[in-house]
Amino acid sequence: MTSAKFITFEGIDGAGKSTHIAFVAELLRQRGDKVVTTREPGGTPLGETLRELVLHQPMHLETETLLMFASRREHLAQVIEPALARGDTVISDRFTDATFAYQGGGRKLALEKLETLEQWVHPQRQPDLTLLFDVPLEVARARLDASRTLDKFEQEKATFFADTRAEYLRRAAQFPERFRIIDSTRTISEIQASLTELITAL
Ligand SMILES: Nc1ncnc2c1ncn2[C@@H]1O[C@H](COP(=O)(O)OP(=O)(O)O)[C@@H](O)[C@H]1O
Ligand SMILES: Cc1cn([C@H]2C[C@H](O)[C@@H](COP(=O)(O)OP(=O)(O)O)O2)c(=O)[nH]c1=O
């Protein structure tokens, strides 16, 4: 892989994406890439403050969406674009596909509004590679229940996650050149083997 790649990790809560970020970062470092790992919402001091609000306060759907994009604007300006300009690889735990999946698919905000915001905030920038960790809802839910206290999104009902997952899969079909779907029902070591193959082949 040449340097300066923008890689995003996506999937419904509990799909297992956070489990694999350090592993993929290490694979890339072993081949000599400089890697910045970051996340959304968040990734900057202001973004982390917005994250606290958006994950824990009830708010209007459009407010929620605008805060996701506000966090993203700051993230692009302070972290993502400078790192890519230096030639570093950036791995982000979620990016704009998450807004389409959660606020669009899950909460039903019109996709045209999201497209307008995307055009405003990052008209030229898209991930080079998006790893979509895909699992049935019941598997994700069982993993979450076993692992942590749930935030506002993680407490949503099954239909919300079914719609969120469906929008992720729709986008994967729409942008097949950058999406890779990872079957996350497998064991962690099986998934790591696939990730190694995928990263080695890039
Ligand atoms: N392939 C897997 N098999 C079994 N458990 C897993 C697997 N991947 C992740 N987990 C566990 O499921 C929980 C949620 O994983 P996490 O990576 O935090 O998900 P996400 O970041 O997608 O919300 C964690 O406790 C993690 O250890
Ligand atoms: C980036 C983004 C995240 N989210 C949601 C998805 C997650 O439920 C939540 C936080 O994501 P995440 O960092 O995956 O949570 P955790 O650290 O608990 O694994 O924010 C949106 O609804 N829209 C967005 O645009």
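Predicted model: local features only at pLDDT ≥ 70, side-chain atom pairs only at ≥ 80, totals over all residues.
Visitor: Which residue in S5 is the bridge partner of Asp-134?
Guide: S4 also pairs with strand S5, residues 179–183, in the parallel sense. Five bridges make up that pairing. In S5, the partner of Asp-134 is Asp-183.

Visitor: Why is strand S4 largely enclosed by the rest of the structure?
Guide: In a regular strand, side chains alternate between the two faces of the sheet. Leu-129, Leu-131 and Phe-133 point one way from S4, while Thr-130, Leu-132 and Asp-134 point the other way. Residues on both sides are buried. S4, residues 129–134, is therefore largely enclosed, since the number of its six residues that are buried is six.

Visitor: Are H4 and H5 roughly parallel or roughly antiparallel to each other?
Guide: Helix H4 (residues 96–106) packs against helix H5 (residues 111–121) with the axes 10 Å apart and at an angle of about 155 degrees. Angles over 145 degrees count as roughly antiparallel. H4 and H5 are therefore roughly antiparallel.

Visitor: How many residues of the contact of H4 with H5 are charged?
Guide: H4 contributes Thr-96, Thr-99, Phe-100, Gln-103 and Gly-104, and H5 contributes Leu-111, Leu-114 and Glu-118. Three of the contact residues are nonpolar and four are polar. The number that are charged is one.

Conventions. Residues numbered from 1 in each chain as written. Chains lettered and ligands numbered in written order. Buried ≥ 20, exposed ≤ 12 C-beta atoms within 10 Å, placed from the backbone. Helix = DSSP H or I, 4+ residues; strand = E, 2+ residues; numbered from the N terminus. Pairing = 2+ DSSP bridges. Axes fitted to C-alpha atoms, helices over the stretch in contact; angles between N-to-C directions. Parallel < 35°, antiparallel > 145°, perpendicular 65-115°, else oblique. Contact = placed C-beta atoms within 7 Å. Nonpolar A, V, L, I, M, F, W, Y, C, P; charged D, E, K, R; others polar.
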